Amino acid sequence: MKSLLLKVALPLYVLDQITKAFVLKFVDGDAIIPVVPGFFNIVHVYNTGAAFGMLKGANTFFLILSVVALIVLAVLIRRGAFTDRLTKLGAALMVSGVAGNMTDRLLHGHVVDFLDFILPFYGRWPAFNIADSCICIAAGLFVISAFLEGRSTKPEASA
C-alpha cells in the first residue's frame, strides 16, 4: 500500500497543486480559456462548498471533514482494510483527492476549480479539479470492488 501512496497519491497530489497554482497565477476570475472550443475550457472558480457548489460557504465544515476523512483512511490503510487492487488504488486516489482539496481550503479558504466541460444534451458541467476527479474515481472503484466481491461470495443455489 505504501508503494501506491508514493506512486499514485503523491504524484497526483503534486499535479493537483501545480495545476491550481498555475490557474491562480495566470487565469483571471472571469476568464474562460477555450482548450477545445464548445467542449472544454480552463476557468477559475472559487468553491467554498462541496461538489457542484452545494453547501456554499461551508469551508470550515469541509476542512474538518477532510481531516477526519484522512485520519479514517490512514487507520483503515494501517489495519489492512484495503485488500484487493481496486480498493488499494481507490484508497490512494481518495487520499490524494482529499489532501489536495484540504490543502486549498487551508491555503486559500476555498477550493480552486478550473476544469470546465460543456456536455452535449446537458450543457455546462460544474467546474472541478484533479483532486475532485481522484475522489470520484476512487468512489467508483470502491463501488465496483463491492459489486465484484458480492458476486464472488454469492451463495450457491441448493438443489
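In which helix is the place of Leu-63? Leu-63 belongs to helix α2. Leaving out residues up to four places away in sequence, Leu-63 touches Met-102, Arg-105 and Leu-106, where contact means heavy atoms within 4.5 Å. The C-alpha atoms of Leu-63 and His-110 are separated by 9.5 Å, although the two residues are 47 apart along the chain.

The structure is a predicted model, in which local features need pLDDT of at least 70 and side-chain atom pairs count only at pLDDT 80 or more, while totals for chains, interfaces and linings use all residues. Residues are numbered from 1 along each chain as its sequence is written, and side-chain values use heavy atoms, with hydrogens and water left out.

## The chain as a whole

The chain holds four helices and four strands. These elements are DSSP runs numbered from the N terminus, with helices (H or I) of at least four residues and strands (E) of at least two. From the N terminus on, their order is α-β-β-α-α-β-β-α. The C-alpha trace spans about 65 × 35 × 30 Å along its principal axes.

Of the 159 residues of the chain, 36% count as buried. Buried means under 20% relative accessible area, exposed means over 50%, and partly exposed lies in between, with a 1.4 Å probe and protein chains only. The accessible surface comes to about 9,900 Å², and 70% of this surface belongs to carbon and sulfur atoms; the areas come from the Shrake-Rupley method with a 1.4 Å probe, and for residues only the protein chains shown count as cover. Among the contacts in the chain with a separation of 6 or more, 64% are between residues 24 or more positions apart.

## The sheet and its helices

Four strands form an open sheet in the order β1-β2-β3-β4, with antiparallel pairing. Strands β1 (33-36) and β4 (123-124) stand at the edges with a single partner strand each, so one side of each has no neighbour in the sheet. Two strands pair if DSSP finds at least two bridges between them. Strand β3 (residues 111-119) pairs with β4 in the antiparallel sense over two bridges, and Ile-118 stands opposite Arg-124 in β4.

Helix α1 (residues 2-26) packs on the sheet and touches β2 (40-47) and β3, and its direction makes about 90° with that of β3. Helix α3 (residues 85-108) also packs on the sheet, touching β2 and β3, but its direction makes about 125° with that of β3. These axes are lines fitted to C-alpha atoms, for helices over the stretch in contact, and the angles run from 0 to 180 degrees between N-to-C directions.

In the loop between β3 and β4 lies Phe-121. The phi angle of Phe-121 is near 65°, a positive value in a residue other than glycine.

## Aromatic rings

A pair of aromatic rings is described by the distance of the centres and the angle of the planes. Rings of Phe, Tyr and Trp (its six-membered ring) pair if their centres lie within 6.5 Å; planes under 30 degrees apart count as stacked, over 60 as edge-to-face and the rest as tilted. The whole structure contains seven aromatic pairs. One of them is the stacked pair of Phe-82 and Phe-142, with 5.8 Å centre to centre and 20° between the planes. This pair links distant parts of the chain, as Phe-82 lies in the loop between α2 (59-78) and α3 and Phe-142 lies in helix α4, 60 residues apart. Ring pairs also link Phe-39, Phe-40, Phe-117 and Phe-128 into a cluster.

## Cysteines and burial

A disulfide is a covalent bond between the sulfur atoms of two cysteines. With a disulfide taken as a pair of cysteine sulfur atoms within 2.5 Å, the count comes to zero. Cys-134 is in no disulfide, and the nearest cysteine sulfur, that of Cys-136, is 9.5 Å away.

Ser-145 is placed in helix α4 (residues 130-152). Apart from neighbours within four places in sequence, Ser-145 is in contact with Asp-84, Leu-86 and Thr-87.

The table gives the accessibility of several residues discussed above.

| Residue | Relative accessible area | Class |
|---|---|---|
| Cys-134 | 4% | buried |
| Ser-145 | 5% | buried |
| Phe-82 | 13% | buried |
| Phe-142 | 23% | partly exposed |
| Cys-136 | 57% | exposed |
| Phe-121 | 91% | exposed |
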